[in-house]
Amino acid sequence: MIAAQAALETRMLLRNGEQLLLTVIIPSLLLVLFSTVDIVDTGGGRAVDFLAPGVLALAVMSTAFTGQAIATGFERRYGVLKRLGASPLPRWALMAAKTLAVLVTEVLQVALLTLIALGLGWSPRGGPVAVALLLVAGTAAFSGLGLLMAGTLRAEATLAAANLVFILLLVGGGVIVPLDRFPDAAQTVLSLLPISALSDGLRDVLRDGAALPWGDLGILAGWAVLGLAAAARFFRWE
């Protein structure tokens, strides 16, 4: 039942034009634009080496947080979650299916963005295990926050808030603009955000060839625990 629901959730996501714009087209355009046009000073080295890990982090956020929050919020508003909750599929299995759909979508995103980045001259380093752990931890963190938002706010408020957060974190999360371009006080706060931890962690591994960045992984794990626990406690199905 979980596999069937996950397949349905994935098909619905991939058929949604607005979701594809958010999860595929925008990250791809940002990667190509800022890698080929000298708009933002990304420091030493090639721009694509800085941007590719950040855009991968943005892709995770767009699917696990923004897309999932909006879709789940409107499913809750229209009573879809209530009807599914009354079906033979347990509620925990429905959440598991949604998580699997997010992971499948992210695999497709990462594959596409990696191909684009390689075409732009990206030379990734580091081990795949460290990258996978960071992506999974980032997915858990953003999923918890997205479900918390979808389960507590009205659908319209979720739509506005999720898109606003996406834009703010795109600018201030170390995705395109390095955090060291911000004032020192702001850097301390911004570095604790999940998007910053995921961007910096992936950059440490894929650009600098570092081992598993435990500090960034710890930040992501903390957000995951807080977000998922709060979502489980406060999520309203109706």
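Biologist: Which element gives the largest share of the lining of the largest pocket?

Modeller: α3 does, with eight residues. This is a predicted model, where local features need pLDDT of at least 70, side-chain atom pairs count only at pLDDT 80 or more, and totals for chains, interfaces and linings use all residues. Residues are numbered from 1 along each chain as its sequence is written, and side-chain values use heavy atoms, without hydrogens and water.

Biologist: What makes α3 a helix?

Modeller: A helix is a DSSP run of H or I with at least four residues, numbered from the N terminus. α3 spans 47–77.

Biologist: What makes a residue part of a pocket lining?

Modeller: It has an atom within 4 Å of a pocket point. A pocket is an open set of points on a 1 Å grid over the protein atoms alone, where a 1.4 Å probe fits, with protein on both sides within 12 Å along at least five of seven lines. The largest pocket holds about 500 Å³ of space. Its lining has 22 residues, with L13, N16, Q19, G67 and A71 closest to the centre.

Biologist: How many charged residues are in that lining of the largest pocket?

Modeller: Four, beside eleven nonpolar and seven polar. Asp, Glu, Lys and Arg count as charged; Ala, Val, Leu, Ile, Met, Phe, Trp, Tyr, Cys and Pro as nonpolar; the others, Gly among them, as polar.

Biologist: What lines the second largest pocket?

Modeller: 14 residues, with M95, L147, L228, A231 and A232 nearest its centre. α6 gives the most, five residues. By class, eleven are nonpolar, three polar and none charged.

How values were computed: Points joined across faces, edges and corners; volume = space filled by probe spheres on them. Helix = DSSP H or I, 4+ residues; strand = E, 2+ residues; numbered from the N terminus.
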